Amino acid sequence: MFCCVPAVGLKISSITFYDSKYPLISIGARVKAIVVDNLTIRKDCINAVSLSCSDTSGNICHTWNFVSSPPQKPRNLSCTTSQMTTVTCTWDPDKNRYQYDRNKQTHTLHLQKSDQAPINCEPSSCTFPAIPQLEEYNISVVVKDQLGEETESYSFNISERVLPFVEINRVSPGVTDTAVSWTVRGNLTQLNLLCQVNVDPGSTTKLNCNSVNDPCKVKLEQLLPDSRYSTRVRCSVNGRLWGKWTKPISFKTYRLVTLNLWRKIKQMSDPRSRQVTLLWTTHVHGSATTVTIQGYTVQWSQEGLNRTEWKDGGQTRAEVSIGPGQCNFTVQAVPDTGPSISAHITIPKLDDSENLPVGKRLKSSTAGGFTLSWAEQDTATCGNTVEWCNLGSAVPCTLEWIKMPEGNNTLFLPASKFLSFSFPLVVTVSAYFKFFFFAILVFNVIHLYFAGKFKAGCRYTFNIYGCTENGHRLLEIQTGYSQELGAVKPPVLVEPVERTPSSVKLEWRYNEDDPAHLAFITGYVVTVQEGHTARGAEDSLKNNFSLSVEDPRNKSLTIEGLRQSHDYVFSVMALTQKGPGQAASITVRTRTNYSAHLTSILTPILLLLGCTILLWRQRKMLKRGLKEIFAYPAGMNIKTSELENFLHETIERMQSRNVEECISCDIEILNTCPQVNETTTLSRPEPLNTPPSPGSQSSTSSLSPSRVPLQDYCQHSAMLLCEGPAPQQMACISNKNYFYSLLEENSEPKEVTATEIKSSFEPSDCAQESYSVTYGYISSDTLQV
């Protein structure tokens, strides 16, 4: 309800609210009023409503009715201190109160149980000096205006309401870290001060800071090289209330200059002295800006003694003599752009009882290269290192190495210039570790690229070391070829060769472990080839064979089953996975078995000697019998030359004929005496113990030439007798084999002796003339003499 009171003698004619006239309501004789339902207050430039009153004189009076609200209790009242000298209390302001409200409010802070006067405060805060030696505070804040009054009380311990005020002094960036220092206002050393340092992007580091005179310092690590960051700091007492963050300060890390450090250890003649050769390679990560390495600092410590040596920027190695104890080395590059990351390596103490691991052979892959794998060791807590010579077994050795992270025990080194491997990557690992690990791997790839590729037929030895707290320990030795070649050198045969009539023992010299070989020696192959003899080349080829020796350390072989007095060609070749290599050959002739010859000679001699001893008493009778067999009739003139020629021709003729089975043959004997009407027939002889009768001779002498069939000729002994008158000249044929075959046909076999055969010639007068005697075989063809 809005009311208008006019001047004396006038009346209200109308009332306007926001340019709208409302019906008048009489309050008294002169006072008029209006009622506005659902009042809406505009919030334009002022928090008020406009009202106009018109009287009967025509005057219009404009007025503003300001809108306000009663005071509210302070919300979220709290008190803090930063230096323990003053206390600041704050509360939430009344957000619903108009900024230019004409209803002014006052805020007053009262310290209870204190002689201190009330303190006038700001609308949302109040600061008052701290009372010395007072820990517990009880305060009240009173808000008062024209519409009312509100009060809020609060109690606190000042030691628990400390908010340290921090100021950053310095930020010193490095490659992968930065050093931050700051100071805290006020004397808060007696309190447990805890601070937080935040790096963006990144994480927050929390640390204690109880320095009295010096500023607090922290080194923020795990940063990326050549990157921009910002940092800020805040502190707290006992971690309850945290002070405000300082303003962020930006910085940029330096470029990454890393060293890949390795070592070679050589035992000197003095058992207590060792020579360590430090090897390193330098790599700069980041942008394409050129970085110049001014030099390197080499530091080492052993048994409490520290030494430092300076190397120029162009050097990549250092040689240091150390004792038998453990020694720690640190090498750091000094670039012109700032600091770099130092590399550390530990040389373990000398251990005479340490044994070298047994070597392991690697299998060559079809695509070339090497696949290395080794057993995981619990003692290897900082990864593994694989080293090898770039040129294999060539001298001098250009040492190459690659470092593998912890938990990775496989590595594939291809024959080309590209490295391939797998490694486990944990998702929760920080960005620093990801980058630094990636940088190491990239460095190894670049290092391998410039090192060159592996050569075929070149033996490489890989030494795998495990990194421990006390240094690197040799775990395994693996040897192999990226690609094996079969043309290995021939062995060296040992002469003279041991030989017997039936065997030959070969021995050779060969260094199967020689690193200059083009492949691993898996054994040997020995080929045996019989030399050309009268049996022909085809028979010689049939007797060729090969023998294998599976153990490459066995360098001897005995070949059995050979023939005596024969030439053999032996070839020895080293065997690899690609096949046999070059051959070393030697020709050996087996010995003659004189004992067998001597046995064949002595056996008949001994038999003859035994027979002679047994028949010695009958020597006279044997002598007469031998004379009858081997002697020929007196007057026979046998020419030796003619006999030899005839025998030679007969032998050649018989060799050209094939041996056939004799079924039957007929023999004709013609009489060569002058009488034409007289002939001599070949007849079966009568038993020699019965002399022939004259009648039988006469009856047979008148017969014409006849043919006597010879049945079942099997090379028996037979004799042809000369029959006829004494003065006749006849040709006689003697076949002893046939003679015995004829005797076998008799129903009653008779014994024929050499004496009886001789007597059959005595009655004949054929011996008075010249004879030609022929010995030979009679075939199935008809023989005419």
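**Salt bridges and strands**

Modeller: Lys252 is partly exposed, as its relative accessible area is 39%. Keep in mind that this is a predicted model.

Colleague: Which residue does Lys252 form a salt bridge with?

Modeller: With Asp226; the closest N and O atoms are 3.4 Å apart.

Colleague: How many salt bridges does the structure hold?

Modeller: There are 12. One of them pairs Asp177 with Lys219, with 3.5 Å between the closest N and O atoms. Asp177 is in the loop between β15 (166-173) and β16 (178-184), and Lys219 is in strand β19 (residues 216-220), so this pair links distant parts of the chain, 42 residues apart.

Colleague: Is Asp177 buried or exposed?

Modeller: Buried, because its relative accessibility is 17% and the cut-off for buried is under 20%.

Colleague: Which residues are linked in a network of salt bridges?

Modeller: Glu512, Asp513, Arg553 and Lys555. Within that group, the side chains of Lys555 and Glu512 meet at 3.0 Å, N to O. Lys555 lies in the loop between β41 (545-549) and β42 (556-559), and Glu512 in the loop between β39 (504-509) and β40 (523-530), so parts 43 residues apart in sequence are tied together. Glu512 is buried, with a relative accessible area of 6%.

Colleague: Why would such side chains pair at all?

Modeller: Side chains of opposite charge can pair when their charged atoms come close.

Colleague: Back to β20. How many of its residues are buried?

Modeller: Eight of the 10, so the strand is mostly covered.

Colleague: What does β20 pair with?

Modeller: Strand β17 (residues 193-200) is joined to β20 by eight bridges, running antiparallel. In that pairing Gln196 stands opposite Arg234 of β20. β22 is also antiparallel to β20, through four bridges, and Tyr229 has Phe251 in β22 as its bridge partner.

Colleague: What about β21?

Modeller: Two bridges join β20 to strand β21 (residues 241-242), again antiparallel. Val237 stands opposite Leu241 in β21. The two strands form a hairpin with three residues between them, and Asn238 in the turn has a positive phi of about 65 degrees.

Colleague: What holds paired strands together in a sheet?

Modeller: Strands of a sheet pair through backbone hydrogen bonds, either parallel or antiparallel.

Colleague: New topic: the cores. How many residues has the largest nonpolar core?

Modeller: It has 26, and Leu278, Trp280, Phe329 and Val331 have the most contacts inside it. The strands that each supply at least two residues of this core include β23 (256-267), β24 (274-285), β25 (293-302) and β28 (327-335).

Colleague: What does Trp280 touch?

Modeller: Leaving out residues up to four places away in sequence, its contacts include Leu259, Leu261, Tyr296, Val298, Arg317, Val331 and Trp401.

Colleague: Which residues does the second core include?

Modeller: Val162, Val180, Val184 and Val233 are included in that second, separate core of 23 residues.

Colleague: Now the chain start. What order do the strands of the open sheet have?

Modeller: The order of its three strands is β1-β5-β4, with antiparallel pairing. β1 (2-4) and β4 (25-26) are at the edges with a single partner strand each, so one side of each has no neighbour in the sheet. β4 is joined to strand β5 (residues 32-34) by two bridges, and Ser26 has Lys32 in β5 as its bridge partner.

Colleague: Which residues make the nonpolar surface patch?

Modeller: Leu598, Ile601, Leu602, Ile605, Leu606, Leu609 and Ile613 make a patch of about 690 Å². Leu598 is in helix α3 (residues 594-614) and is partly exposed, with a relative accessible area of 47%.

Colleague: And the whole protein, how many helices and strands?

Modeller: Eight helices and 47 strands. Of the 785 residues, 36% are buried. The accessible surface comes to about 47200 Å², with 52% of that belonging to carbon and sulfur atoms. Among contacts between residues at least 6 apart in sequence, 63% join residues at least 24 apart.

Notes:
Residues numbered from 1 in each chain as written. Predicted model: local features only at pLDDT ≥ 70, side-chain atom pairs only at ≥ 80, totals over all residues. Heavy atoms only, no water. Patch = residues over 30% accessible without salt bridge, like charges linked within 9 Å, V, L, I, M, F, W, Y side chains within 5 Å. Areas by Shrake-Rupley, 256 points an atom, 1.4 Å probe, with all protein chains shown as cover. Salt bridge = Lys/Arg side-chain N within 4 Å of Asp/Glu carboxyl O. Buried < 20%, exposed > 50% of the residue type's maximum accessible area, 1.4 Å probe, protein only. Pairing = 2+ DSSP bridges. Contact = heavy atoms within 4.5 Å. Core = buried A, V, L, I, M, F, W, Y, C linked by side-chain atoms within 4.5 Å.
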